[in-house]
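Student: I have a structure open and would like to learn how to read it. Can you walk me through it?

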Amino acid sequence: MESMTFDLSTTTVRALNAELHDPSVKSYEVLHPEGAHAVAAGIDSGVAVDVHGHVGYYCAGMNDGGSVTVHGNAATGLAENMMSGTVRITGDASQSAGATAHGGLLVIEGSASMRCGISMKGVDIVVGGSVGPMSAFMAQAGRLVICGDAGDGLGDSIYEARLYVRGRVGELGADCVEKEMRDEHRAELAELLAAAGLEHDVTEFRRYGSARRLYHFTSEHSGSY
Amino acid sequence: MCGIVGLHLRDPELYPQLGRLLESMLCGVVERGPDSAGVAVYGDHRRVPEGHAAVSVLLPPDADTTDLDALVTTAGDTTIVAAPVPLETLVARVRESFPTAVVVGTGHDLTVYKGVGHPRELAATYDLVNAQGWQGLAHTRMATESAVIPEGCHPFSVGPDQCLVHNGSFSNHASIRRELAREGVTFDSENDSEVGARFVASRLAQGEDLEKALLALRETFDGFYTLLVTSADGFAVVRDPIACKPAVIAETDAWVAMASEFRALAPLPGIEHARLYEPEPGRVYAWSR
């Protein structure tokens, strides 16, 4: 058997995830998720999972090597703490997509709401639409590409993550500044867009990152927080 | 954590199914609030016939309602009293007959049910699946700020045909409570959400619409909130400016619905073609009949 199907209207998420943690085949189809939480969380091998419908909280959380595609929307915490692999969603993602993720690629073809990439630690996130306020808050490493607009507070208290935005940016967060787009940045942006399957002219993007003024707390900067 | 669901029907053909739809939505947020549940239904002519006023009330045990000269329905801990008299007359009659009773809802179109226990079992005591009407909302509660008693359940209904349900907590409710008290507003509980409901009621009483009242609330209240507020003809949603608490809205030609999570919307007819979105932080969304 090449592929296995789980219909969540008749099977539990627990049964699905137990199989994904000890997989007997390479690819899986998941039907009728109906907003269930923790769908395909904790994958630690190279399985492929296609989820048909909207998912709830923490879908594909902690993914380590899996390739998860959601044909629908996702609630809070999509691919949170991903280590490696790919998570793709054809619709919109709710808050805190890609939170604290260390690696892998998260593609959101629609838009993401607030706090996308909060505390990201090495993941690459590509958003086809826009992101809500406070995205990349305390982002430490990785790249966040936003093909639409970014809400207020982008990159607040950011460390070394690189942010690329094609559309409008609201008020920048504390210590986040626009930076020069050099050739190496255009090259990595082109790679990320290609990996996500999105076609945009890289010259339309601007780059943002840390001004590195808030790495250490000093009293003269207290007004900047 | 709490769970909120609400359904505002546009297609009158769905009115007979309101209770069944609302019950299935309520079951989708049970895990968010397993300790109690409250429900409000607008337009349930089984319990509030046309031309009647209705009072929803938590009566003391062994209360004898035979002298009320009204249509009386008992549903779990809640009693619905309806009569073809002016609303103020009916409210006064209930309060006079049962001075210790807690009135949890009043209006010409509104029934409110409250109780402590598993939401699914409570919905059965309310006979929610057989309720009909044009609008309804429900709340499952995981209490954080006050006691787990029927009086602490949402919705808070403090003005005629008005309801407010809240997921979150207000942080400056004590000072707003004092200001409202100075204006003569009285309170039934120590609950922070009741302060929100009283604030909205006082704005509506001054002639504002739901949207204006909620914009004023946003400017006045500090804290975490997703609110669903309903009136005799309206349905409105607002989240705090940093959107601490979840909400999803779905719209079709036949209905507008909101819930804390998508899984509560999943059972609705036509959900696969609904316009689905998250309400933006601090923005008021309002619909009316």
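Student: How many residues does the contact take from chain A and from chain B?

Tutor: Some ground rules to begin with. This is a predicted model, where local features need pLDDT of at least 70, side-chain atom pairs count only at pLDDT 80 or more, and totals for chains, interfaces and linings use all residues. Residues are numbered from 1 along each chain as its sequence is written, while chains are lettered from A and ligands numbered from 1 in the order in which they are written. Two residues are in contact if their C-beta atoms, placed from the backbone, lie within 7 Å. Here chain A puts in 12 residues and chain B 9 residues. On the side of chain A that touches chain B, 4 are nonpolar, 7 polar and 1 charged (Ala, Val, Leu, Ile, Met, Phe, Trp, Tyr, Cys and Pro count as nonpolar, Asp, Glu, Lys and Arg as charged, and the others, Gly among them, as polar).

Student: Which residues have the most contacts inside the largest nonpolar core?

Tutor: A nonpolar core is a set of buried Ala, Val, Leu, Ile, Met, Phe, Trp, Tyr and Cys residues joined through C-beta atoms within 7 Å. Buried means 20 or more other C-beta atoms within 10 Å of the residue's own, exposed means 12 or fewer, and partly exposed is in between, with C-beta atoms placed from the backbone. The largest one has 155 residues, and Leu106(A) and Val145(A) have the most contacts inside it. Helix H5 (residues 192-205) of chain B gives the most to this core, with 6 residues; helices (H or I, at least four residues) and strands (E, at least two) are DSSP runs, numbered from the N terminus. Beyond four places in sequence, the contacts of Leu106(A) include Ala79(A), Met82(A) and Ile125(A).

Student: What is the strand order in the open sheet of 7 strands?

Tutor: Two strands pair if DSSP finds at least two bridges between them. In chain B the order reads S7-S2-S8-S1-S13-S12-S14, with antiparallel pairing. Strands S7 (110-116) and S14 (275-277) of chain B are at the edges with a single partner strand each, so one side of each has no neighbour in the sheet. S2 (residues 36-42) and S8 (residues 135-141) of chain B run antiparallel, joined by 7 bridges; Val41(B) has Gly136(B) as its bridge partner in S8(B).

Student: And which strands does helix H1 of chain B lie across?

Tutor: Axes are lines fitted to C-alpha atoms, for helices over the stretch in contact, and angles run from 0 to 180 degrees between N-to-C directions. Helix H1 (residues 18-27) of chain B lies across S1 (2-9), S2, S8 and S13 (255-259) of that chain, at about 155° to S1(B).
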